[in-house]
Amino acid sequence: MNQAEVSQLVSKLRIRINPRHKNLKCPEGPQGRLNKLRKTVNALFKYERLELNYTLADETRGYAERLISEAIRHGDTHKPTMEMADYWIEEKQLIHKLFKVLVPRFNDYQTSYTMLYRAPKAYPEIVYPRSVLELRGNPFPAILPQRSDQRNFIHNVLLDEAKKAYRAEKYEEITKSLEEQRDE
């Protein structure tokens, strides 16, 4: 099978995935690890923003990206995609949210569907690195401030022109005072 055929079988994710899974400490073993990931993916689709340990968030992000990618690519009529959604999403009303809300939202995205931010540490209490995992386009306020170019807003243009006029006036006063001092 050549490379072109392989790329048609599995859609490419827009984030980097490690080939080896993260070591999530779970006393129930591998099945407990999967259950923990399922609960986290479920919570991510339900609340659209979570604060977790970095390793769990990073691992969850890959599964959520894959699930959204397959839902966008195949839709809700594709049986393997529905089986995958049924396995990963425990609350069945969230399957409806995946296909009716999230797929139309992410249909035209050229970037990843999730964002992963490192959260600050609260020194004495938490020793593990924390992070915030969120779906893009969620209804919550942005974590990072928007840095838009605001110099072309009318009030900023007017203030800039007033500054220029003030400085020009002050420069004229300074040059006049220097000329008067030189003439004396």
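A salt bridge is counted here where a side-chain nitrogen of Lys or Arg lies within 4 Å of a carboxyl oxygen of Asp or Glu. By this rule the count comes to twelve salt bridges. The structure is a predicted model, in which local features need pLDDT of at least 70 and side-chain atom pairs count only at pLDDT 80 or more, while totals for chains, interfaces and linings use all residues. Residues are numbered from 1 along each chain as its sequence is written, and side-chain values use heavy atoms, with hydrogens and water left out.

We may start with the overall layout. The protein chain is assigned domain 1 (6–135) and domain 2 (147–183), with bounds that come from an automatic or database domain assignment. Between the C-alpha centres of domain 1 and domain 2 there are 54 Å. Helices (H or I, at least four residues) and strands (E, at least two) are DSSP runs, numbered from the N terminus.

An open sheet is built from three strands in the order S1-S3-S2, with antiparallel pairing; two strands pair if DSSP finds at least two bridges between them. Strand S1 (49–53) and strand S2 (114–118) are the edge strands, each pairing on one side only. On average, neighbouring strands of this sheet are turned by 25 degrees against each other, direction ignored. Five bridges join S2 and strand S3 (residues 130–135) in the antiparallel sense, and Leu116 stands opposite Leu133 in S3.

Helix H2 (residues 30–47) packs on this sheet and touches S1, S2 and S3, its direction making about 150 degrees with that of S1. Helix H3 (residues 54–74) also lies across S1, S2 and S3, and runs at about 170 degrees to S2. For these values, axes are lines fitted to C-alpha atoms, for helices over the stretch in contact, and angles run from 0 to 180 degrees between N-to-C directions. Contact means heavy atoms within 4.5 Å.

A closer look at helix H3 brings up Arg61, which lies in this helix. How far away is the nearest side chain of opposite charge to Arg61? Arg61 is buried yet has no salt bridge, and Glu65, the nearest side chain of opposite charge, is 4.3 Å away. Here, buried means under 20% relative accessible area, exposed over 50%, and partly exposed in between (1.4 Å probe, protein chains only). Lys and Arg count as positive and Asp and Glu as negative, whereas His and the chain ends are not counted. Not counting residues up to four places away in sequence, Arg61 touches Ile15, Ser112, Thr114, Met115, Leu116 and Leu133.

Side chains of opposite charge can pair when their charged atoms come close. Glu48 is buried at a relative accessible area of 6%, while Arg105 is partly exposed at 22%. Lys97 joins Glu48 and Arg105 in a network of salt bridges.

Another salt bridge is found between Glu134 and Arg49, with the closest N and O atoms 2.8 Å apart. This pair links distant parts of the chain, with Glu134 in strand S3 and Arg49 in strand S1, 85 residues apart. Glu134 is buried, with a relative accessible area of 7%, and Arg49 is partly exposed, with 22%.

Glu70 is buried at 11% relative accessible area, whereas Arg66 is partly exposed at 23%.

Both Glu70 and Arg66 are in contact with Met84, as is Leu67, leaving aside neighbours of Met84 within four places in sequence. Met84 is found in helix H4 (residues 79–88) and is partly exposed, with 25% relative accessibility. Helix H5 also holds Val103, a buried residue with a relative accessible area of 12%. Val103 touches Ala71, Ile72 and Leu98, not counting residues up to four places away in sequence. The C-alpha atoms of Val103 and Arg182, 79 residues apart along the chain, are separated by 76 Å.
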